[in-house]
Each structure stands twice: as structure tokens, then as C-alpha cells.
Amino acid sequence: MSIPAEILIKMYRAMLRIRRFEEQIWEVYTSGLMHGLAHLYIGEEAVAVGVCAALRDDDFITSTHRGHGHCVAKGGDLEAMMAEVMGRVTGHCRGKGGSMHIADMSVGILGANGIVGGGFGIATGAGLSAKKRGTDQVAVCFFGDGASNQGIFFEVMNFAAIWKLPVIYVCENNHYGEYTPTASVTAGERIADRALPFGIPGTTVDGSDAIAVYGATAEAVARARRGDGATLIECDTYRYRGHHVGDPGEGYRPKEEIEAWMAKDPIERLRKKIVADDLASEAELDAEMREVEREMENALKAAKAAPYPDVAEVKKHVYA
Amino acid sequence: MSMREMTYGEAVKEAIAEEMRRDPTVFLMGEDVGKAGTVFKVLAGLHDEFGDDRVIDTPIAEAGLVGLGVGAALTGSRPIVDIMFGDFITLAMDQIVNQAAKLRYMSGGQARVPLTIRSTMGAGRSSAAQHSQSLHAWLAHIPGLKVAIPATPADAKGLFKSAVRDDNPVVIYEDKMMYALKGMVPSKENYTIPFGQADIKREGDDVTLIATSSMVHVALDAAHTLAEQGISAEVVDPRTLVPLDSETLIDSVVKTTRAVIIDEGHKSFGITGEIASVVYRGAFDYIDAPIVRLGAMDVPVPFSKPLEDATIPTATDVVNAVREMGIEKA
């Protein structure tokens with residue numbers, strides 16, 4: 001599949017933004033600037049970026065507890081995201097949601113979700129709503145390998161199939177549900193195969209390859225927009241860090257396994273491709289990195305300077 | 001005001017039909033809501049008018065069904081989701097409690113979830129323990145949800161229309177024993193009842209009977225019997241549990257100085273406890289007798305008719321409770 005250079009460079013830049021954001025979160029957490037926990041997306045960037053590059057601004061996504069990458073890729077604001085993770089009033093959710101609940105309705109981010117599989121119903125309902133309102137919007141549901149064992153996964157695929165809903169289920173199979181290897185608690189060869197009994201196409205792609213993810217998503221989006229219904233895309237991927245910032249991620253995962261995945265890093269991989277195809281020079285890509293670095297520094301500075309919400313806000317936003 | 005007589009079930013159907021005619025973003029989905037018009041036949045004819053696109057039969061998959069409702073409500077639609085029996089709401093609790101009720105707050109006020117969930121409650125049909133429960137207290141416990149529990153055809157119509165227009169998730173409970181109950185309903189198209197407004201169903205001076213849903217009729221029967229015995233009972237129906245019109249409840253007890261609270265949910269940890277606490281606090285200096293709480297017996301609803309009947313508060317229970325309050329008539 002031939003993808004325009006500007007999309008490849010956009011994806012490269014988006015992956016850098018996610019990685020730098022997550023590295024910054026690690027520093028913010030270890031320096032005691034944030035409360036609670038966060039689940040880092042480092043290593044999985046190609047999935048969020050490849051998917052969201054194939055979407056329009058008015059398309060919808062639902063995200064997961066490991067959601068920062070999806071939100072950055074769909075157009076979340078780094079400063080508002082950092083402020084949210086730090087519980088500040090300038091956050092996307094005025095500090096009421098935190099890391100696991102970042103939402104920005106203005107760019108179709110219907111919310112990260114702290115319940116494993118929490119996005120299945122919402123994304124499928126967003127697809128139903130698009131169909132009822134007569135638009136050609138699509139809804140993407142990001143979920144993990146762990147969520148693929150929740151019963152509602154099968155309920156919503158049935159709904160999506162009988163009504164041909166414009167929904168794309170994107171499974172990020174990072175091979176561990178918290179500390180448990182996926183294979184030890186999950187039947188069948190591939191999670192993608194779970195779509196087949198519903199007559200929904202299910203495909204597996206290399207989740208470290210942004211181009212492959214983009215290609216599979218673009219095809220699914222086209223299918224959804226022309227009214228042919230849902231697709232399930234399983235992305236093979238890996239988180240470099242632990243389940244959350246308090247978990248070193250070692251012990252339950254072999255060192256060689258971690259190193260093997262890091263050796264095919266999605267950002268380096270796309271960078272090499274861009275340079276090899278002569279779409280941008282090393283110097284131009286270095287400039288992208290410096291630009292992202294600057295943006296991140298500004299976001300962190302602004303978030304640190306932002307106030308916490310006034311306690312008077314605690315009872316606001318319960319009801320419309 | 002021009003009025004028409006109709007049944008409780010007809011009032012619900014008319015409310016849904018009027019809101020669907022008024023607002024093209026409203027649609028209804030649930031098990032057997034289409035041609036079948038629900039298992040209770042309450043919505044018969046709705047599908048003829050609005051067709052498959054807006055009166056939608058769904059798989060038996062309550063979690064997915066409510067989840068789709070939440071997602072549709074978030075993105076510009078105004079769905080009504082039908083959960084046939086209130087007992088089945090338990091299958092959709094994550095969607096209601098963790099998703100619908102939380103999204104607005106967690107998003108700092110960005111999200112809007114104009115979702116109406118209609119379901120049924122009430123024992124009395126020999127349907128045993130999984131088709132007879134009244135679980136409205138579960139939902140009233142969750143900030144972010146509104147809960148309506150109409151007792152008459154007029155209230156059913158007015159509250160249902162308000163529920164559909166509300167920008168929050170609303171759960172509205174219909175007692176399935178009341179579908180054939182007749183009453184006068186205002187004719188005007190825009191007849192709605194605001195949430196948080198209790199209704200005094202009968203005025204009285206000696207005791208306040210605070211009752212919900214079908215228990216309102218139990219309380220009215222009791223008030224009739226008490227009147228024959230020279231005791232004047234006021235019957236107050238909160239109509240919505242969330243928001244709760246504490247003021248009207250308290251004012252009534254300040255006037256009468258005594259209260260019996262009757263609800264078909266289980267007594268333990270039920271809404272009668274919450275209402276009693278509200279009334280005690282608000283009317284403390286005026287109360288002349290301990291408040292009595294009557295609820296469904298704390299057992300699973302049994303199948304056998306004599307057993308089932310023994311679990312639900314009756315007018316006789318209410319009369320006896322009042323007579324033990326030592327009301328002295330001049």
C-alpha cells in the first residue's frame with residue numbers, strides 16, 4: 001500500500017509525541033508530582049497512531065486504562081492531558097478523571113475507561129448513533145487482550161453484525177493481562193478469529209508497524225463508511241514498561257522477550273523507512289524530535305503551574 | 001384542564017409516541033419492543049407508526065443493549081432502552097453504574113448522556129424471585145442517575161416525557177401490576193411533570209403515608225379505611241427518588257407529626273430508610289411517634305401465591321401500623 005509521505009511523517013511525529021509524553025509521565029510520577037497511577041503506552045505507539053491517522057476528526061474512539069497514546073493520536077492536547085494526569089483544573093476533565101479517564105469530546109475521544117472492556121458498548125453505540133443520524137462517521141473501540149475475554153465483547157459484535165454498524169474493534173494484544181500471560185487465560189489461536197462466527201472480518205497485523213496498522217484500518221474505515229459494517233483488527237504489540245508506573249515489568253516477562261520487542265521499536269522502524277525512501281532526511285527528523293521536545297517542555301511547565309480545582313467544584317458536573 | 005381517561009400502559013405508550021414525533025433523535029430499543037409491543041403488550045402499535053428504524057427489536061443481551069444506549073446518547077441520539085424486567089438490570093449494571101452515571105462527571109462536564117432506561121418492578125404475578133424484584137434503591141444510590149417511579153397514568157405520562165427530554169441518564173420504573181390501572185391524564189401535548197416534585201395524592205391531618213409506585217394505591221386504600229375509623233391520613237408520593245423532594249415530605253410530617261413509609265423494595269437498606277432519615281432530620285421537633293417503615297419482606301420473592309402475598313405490604317399492614325401510633329382524636 002502506498003501511503004503519502006505527509007502521512008508517514010505525521011505518524012512519526014505522533015509516535016514521538018506519545019513516547020515523550022509517556023517518558024515525561026514516568027518522571028512526573030517518580031518525582032511525586034502526580035497522585036495515583038498511570039499505565040504507560042511506550043512500545044505500543046504504532047497502534048494508536050496507525051489507527052488514528054486513518055480517521056477523521058469527527059470519527060469517534062473509545063480508549064482504555066492504557067489510553068494516553070490513543071488520546072494523543074486522536075488530537076488530545078498535550079498540555080491539557082498532562083494537567084489532567086496531575087489533577088489540575090486545566091486538564092481535559094478539569095482534574096475529575098485523571099489518567100484513566102481522559103476525554104475530549106471535541107475531537108471524538110469518548111473517554112479512556114477504567115473498566116476492562118468498558119468501551120465496547122459505548123463505541124458500538126456511537127456507531128449505531130452515526131447510522132441513525134445518517135452520517136458516515138465511524139467509531140473505533142481500542143481494547144486489550146484482557147478485554148477480549150469479557151462477555152460484552154461478544155454481545156457487541158453480535159449487535160454490530162446484525163445491524164452492520166460502522167465500528168472497528170482494535171485489539172492491542174500486548175501478550176499480558178496485567179501480570180498474566182494472555183495465552184494462559186485465552187482460548188484459540190488468535191483473538192482476531194473471534195470475529196469470524198459473527199461474519200465480521202478479523203485480521204491480525206504487526207502492531208509495531210505503523211504502516212501495516214494504518215493500512216488495515218484504512219480498509220476497515222472504507223468498509224464501515226460504505227455501510228458494510230464492522231471489522232476486528234488484532235495488533236500484535238508489547239509494552240516496554242510494567243502494567244503501571246509502579247510495576248517494573250520484570251520477573252513475569254523474560255528479559256529476552258522484552259529485548260526482542262525493543263529491537264523492533266515502532267518509532268525507529270518508521271524512521272528508517274522514511275529515510276530509506278528518501279521522504280525526509282535524518283536532519284529533518286531530528287528537527288521533528290526537537291520540536292516535540294519543546295512542545296513537551298511547554299506542556300509540562302504549564303501543567304505544573306496550573307492550579308488544582310477549587311474544592312467548590314466537587315459537586316459540579318454530576319448532572320447536566 | 002381537558003383530561004382523558006387511559007390506562008397506565010397507554011399513558012407510557014403515548015408519552016413515548018409523542019416524544020418520538022417531537023424529536024427525530026429519539027428511538028426505542030429492547031427485547032420484543034417491535035411488532036410484539038413488549039411482553040406486556042404495552043407498546044402495541046408503536047412499531048406500526050415508527051417502523052424498524054426507531055422501534056428496534058434487540059438480542060437478549062442487556063449489557064450490550066444498555067452499553068449501546070450509552071454510546072448513542074453520548075453522540076447525538078436520545079435513546080430509550082427497554083429492560084423488560086427490573087431483575088435483568090443487574091446484567092447491565094456496569095453500563096449503568098460505571099459508564100452512564102459517571103461519564104459526565106469524569107469528563108469534567110463535557111459528556112451528556114440523555115439516555116432513558118425503562119424497566120419494570122413489582123411482585124404479584126406469581127413470577128418468583130427473578131421476575132418480581134423492585135431494585136430501584138440500587139440505582140437511587142448512584143450519583144449521576146435520576147430515578148422516577150410513577151404511580152398513576154398521569155404521572156407515568158408526565159414523568160416519562162420529562163425523562164426523555166432530560167440530558168442525564170434516567171431510569172424509570174413501571175410497576176407491571178399497574179399497566180391496566182385507569183386514570184385521568186391531561187390531554188395537552190406538552191404535558192410534563194418536573195422531576196423532584198412530590199405529589200400529595202390525598203390530604204390529611206393525623207398521619208403522613210409516604211408511598212411509591214403501586215404502594216401509593218395501598219396507602220390510598222389504607223387512608224380510606226382509616227377515615228372510616230376517624231383518622232385522617234395524608235398520602236404523599238415522591239414520584240422521583242432522585243431528585244427527592246424532601247421539602248414536601250418534611251412539610252407534610254411537620255403538619256401531621258407521624259409517618260409511615262411504604263415501598264416495594266426490600267426493607268433492609270431500602271429507600272424507606274433513606275426517606276425516614278430525611279424526615280427525622282427535617283421534622284424532628286414535630287414528630288410524635290417513631291416513623292414506621294414498610295417494605296418487601298427480606299426474602300427472595302417466593303412463587304407460591306400465599307407465600308408471595310405475605311411478602312408485600314398491604315393496606316391492612318398500613319392501617320395496623322397507624323393504629324399503633326396512638327393517635328388520640330378529640
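Colleague: How many residues of domain 1 of chain B are in contact with domain 2 of chain B?

Modeller: Contact has a cut-off: C-beta atoms, placed from the backbone, within 7 Å. Here 27 residues of domain 1 of chain B are in contact with 24 residues of domain 2 of chain B. This is a predicted model; local features need pLDDT of at least 70, side-chain atom pairs count only at pLDDT 80 or more, and totals for chains, interfaces and linings use all residues. Residues are numbered from 1 along each chain as its sequence is written, while chains are lettered from A and ligands numbered from 1 in the order written.

Colleague: Which elements supply the domain 1 side?

Modeller: Helices (H or I, at least four residues) and strands (E, at least two) are DSSP runs, numbered from the N terminus. On this side, α6 (136–140), β6 (146–148), α7 (153–165) and β7 (170–175) of chain B each give at least two residues.

Colleague: Where do the domains of chain B run?

Modeller: Bounds come from an automatic or database domain assignment. Domain 1 of chain B covers 3–186 and domain 2 covers 199–323. Their C-alpha centres lie 26 Å apart.

Colleague: How many residues of chain B are in contact with chain A?

Modeller: 34 residues of chain B meet 34 residues of chain A. The largest share of the chain B side, 10 residues, comes from α3(B).

Key:
Two residues are in contact if their C-beta atoms, placed from the backbone, lie within 7 Å.
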